[in-house]
Amino acid sequence: MLDTTGAPHSVLQLSGMQSTTPDTTWSDRTLENGLRVVIQADATSPTVAVTVGYHVGGKDDPQGRSGFAHLFEHLMFKGTENTPAETIDRLTEDVGGFNNAYTTADLTMYYEVVPANYLEVMLWAEADRLASLRVDEQNFATEREVVIGEYDQRILAEPYGLLDELVERQVFSDHAYANGVIGDPDSLRAASLDDVLAFHRTYYRPDNAVLVVVGDLDVAQTNAWVDRYFQPIARPTHVLPRIAVPEYRLPDMLRMTHVGQNVPLLALNYAYRLPVFSDDEAALVDIVECVLGLGKSSRIFKALVHDAQVAAQAFTDGDFREHAGLFQIRAVLHDAAQLPQAEALVQGEIERICSENITMAELRRAQNQLASLLVRRSEGANDRSLAYAHDALLRNDPRAAQADARRYREATVADVRRMAERLFAEPPAILEYRPQNEEG
Amino acid sequence: MLGLVGAPEPSAPRPFTPPRATERRLSNGLRVIVASRHEVPLVNAQLVFPLGAAHDPLALLGQSYLAMALLNYGPLGRSSDQFAADLDDLAGRFSGGATYDALSAGLSSLSELFPQVLALCNQAVRQPGLAQEDLDRVRARTISELRVAYGSANSLARIVMARVLYGAHPYGQPIAGVPRTLENLTRADVQRLASIRLLPDGATMVLTGDVNAEAGFALAESAYGDWRGSGCREKSALVPVSLPSSRVVVVDLPDSGRSAVWLGRVTIERRHPRYFEGLVAMALLSGYSGRLNVAVRVKRGLSYGASAQLQARREPGPFSATTLVDHRKVGETVEVMREVIASLVTQPPTEAELVPRKAMLRGSFGRSLDSVAGLGSSFAELALNDLPLSEYDEYLARIDAVTPRAVADFARDFLIEGLSVVVVGDAQAIVPSLRGAFAGVEEYRAADIDVLTI
């Protein structure tokens, strides 16, 4: 609550995180069939957000079928034993809600937002498509073309559309992360209906999923509905396959050049492969990311965009995955001829953050920014629901972010420097994404 | 509702009251609107000034865009480095922006830190630094962004469609300018803009989120109460929008993976009494189960998706229906999209078809309450269009009141006739697929396009 009468508080004293969970009505349990169920009541808007997250993603694509997990995500909208295709769309859109899904390297997330009085119907529909998917040759073939169209649209038509895929190939050549999530049209065309059915049987099971519901709801009533619709789904007896966590290793290609069609300016990317970090370590990586690349006063932005003006954009990105991490520094240069200068600036900033402590002011700023990001990311029920599902699946705690706020507060400048030294100990994988026509 | 075997029925709707806005006018003419909600510790403030990029002279296109982007560099007497550091210290967000109809400055932060963030940012609005070196930075960045936009089929189609629909009317000019006008803009140009358009009288400040009305008014008073407008205030009306004849324009962007297909025409202004009919018509066309997506994606697999928009503006805004398709399928796609738009009259909606489409509008209204920025934007739109704040409370009733007949009439009067077509993609593949259907196909090349001569 804003208090304009006294002096403003220091944000370091902000309890903050209690306020991101506006209503304390909370339930977190696991059904007998292994489904984890997280429920939070919050009446900010007259809606409920439902997320079902499955612990399967691009890295679990069958051999020779890269892009399959994502293709499968589309097929989950194609109907069940009890419902025709597009039922989820009708049940959401037609009552004023929406639905969507996305696939990452590690997870597949399905989510809906509907008026609160449609919650039971949504729970029924999600249980139904977990238990009894039905796909036939025709809608499989149609949807496969839609996914290939998505590849054309997102990867080929967009400037820099291939950049992330290239970095993954460059950095993870020993691991399925190299194949990306979207796959490629040839692998997608090779997929068969049998692959689809096997994939559903293998990964779409209650003990490989989490259900999260956030919104204007009654927790006890919601739990009763969950029991009614999800409890009858049996836990399969076969073993859930898991691919092996790779040993840490250096990328094979430390420098790569790609000439992109339809690219106006040169993009420079530095990618550092990370081991699997603990939550404490990851929080320090977040601070390094902030100091280097979040906001206009961050070091990389200031050096490349503001001071030297060699870049139109520059930012950093920490990407923590189940089997490895990726820390990237990316800049889009005004002029390809300034590449050596831009690289020297990036390298200079990396050396500096490893050799000198950041200032107390920088640490405090990063702490404020990260506290603020945590609040902003939890503002809407759907964002919060997705975050709970993600953290339940990959961190085994839907509210793992609450502890992140404490980790940020407790970090010292020496901690941050030690983490920077570890992060940047090995050489980066450098990618130049160059325009075809290099006049500028 | 769908007759699904085993599906439960929905329960009774849960009661809900949207947040109320209260308002007050400061002695300098600044209107202050506050809508409180306290679930999340964030405050959002939007300051809007009523003359936007549509008032930029032709020779100075991009003037509003550059000037408002420059607000982010802070006030006079403080270096942009220092301003950025101070703002980052407070984890505040501040940005200036320009639309055709307004100039705006938005800020938000954790509520605990908001008074400090506001104190920092209000000086950037009242006395922006507008330093030469910052102007040069923003100019270079904007020109780079334009090059990126011109390389994206969809972004270029948007820019070209505006020109095709509005011709020499200001809504036909790109807000961010074109490279040659950006090159020519001087510090004096952006200073002049700030001095005659960033004035409290006629402007509105909307505060939403974790702040009470009285605290909000007190904050507005402390930040802007002693601000006095000076200098001559431009108060020019735009030339009336005239409907140019429909055109078919293809822009060659050979390397784009897919063609951007845009159909559009000029429709009505936000204040128009039939605006809500237009909203319902857009809902019929849009969304996964909307007529466009069903025809283009679900039935024919031509595209990943298709949708329609009606831009709410002070002057009659554009209607556009858009999609991305294989270059060789452009002819078929344009035909299908024209048929779908025409179907609003030939196969008018039934009451039953309208039920879910209206629910879609109601749902997005409900969800806009999920963020304090969304709540603020709703009131800012009303203020900018000189509409009473009470329209916010009437929104759902106005949607409900639209009849099937009214939607068909709206389509007949404002959507179907005189549609223009803009396609950006591989012209070699596109043009043959269009020739059969259209007589005068105009061709341009993205590589050397001059938007203002289209």
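Domain bounds here come from an automatic or database domain assignment. The model is predicted.

**Exercise 1.** State which residues make up domain 1 and domain 2 of chain B, and how far apart their C-alpha centres lie.

Solution. Start with the bounds: domain 1 of chain B covers 21-224, and domain 2 covers 248-453. Then take the C-alpha centres of the two domains, which are 28 Å apart. In the contact, domain 1 of chain B takes part with 39 residues and domain 2 of chain B with 39 residues.

**Exercise 2.** Give the area buried between domain 1 and domain 2 of chain B, and the share that comes from carbon and sulfur atoms.

Solution. The size of an interface is often expressed as the accessible area lost when the parts come together. For domain 1 and domain 2 of chain B this area is about 3,400 Å². Carbon and sulfur atoms give 73% of it.

**Exercise 3.** Find the salt bridge across the interface of the two domains of chain B and check it against the cut-off.

Solution. The rule finds one salt bridge across this interface. Arg180(B) pairs with Asp450(B), and their closest N and O atoms are 3.0 Å apart. The cut-off is 4 Å, so the pair Arg180(B) and Asp450(B) qualifies. Polar contacts across the interface amount to ten residue pairs.

**Exercise 4.** Describe the side of domain 1 of chain B that touches domain 2 of chain B, by element and by residue class.

Solution. First, the elements that each supply at least two residues are β1 (21-25), β2 (31-36), β3 (42-49), α5 (153-166) and β6 (204-209) of chain B. Next, α5(B) gives the largest share, twelve residues. Last, the residues of this side divide into 23 nonpolar, nine polar and seven charged.

Definitions and conventions
Residues numbered from 1 in each chain as written. Chains lettered and ligands numbered in written order. Predicted model: local features only at pLDDT ≥ 70, side-chain atom pairs only at ≥ 80, totals over all residues. Heavy atoms only, no water. Contact = heavy atoms within 4.5 Å. Buried area = accessible area lost by both parts, 1.4 Å probe. Salt bridge = Lys/Arg side-chain N within 4 Å of Asp/Glu carboxyl O. Polar contact = N/O pair within 3.5 Å; in protein donor to acceptor, adjacent residues only side chain to side chain. Helix = DSSP H or I, 4+ residues; strand = E, 2+ residues; numbered from the N terminus. Nonpolar A, V, L, I, M, F, W, Y, C, P; charged D, E, K, R; others polar.
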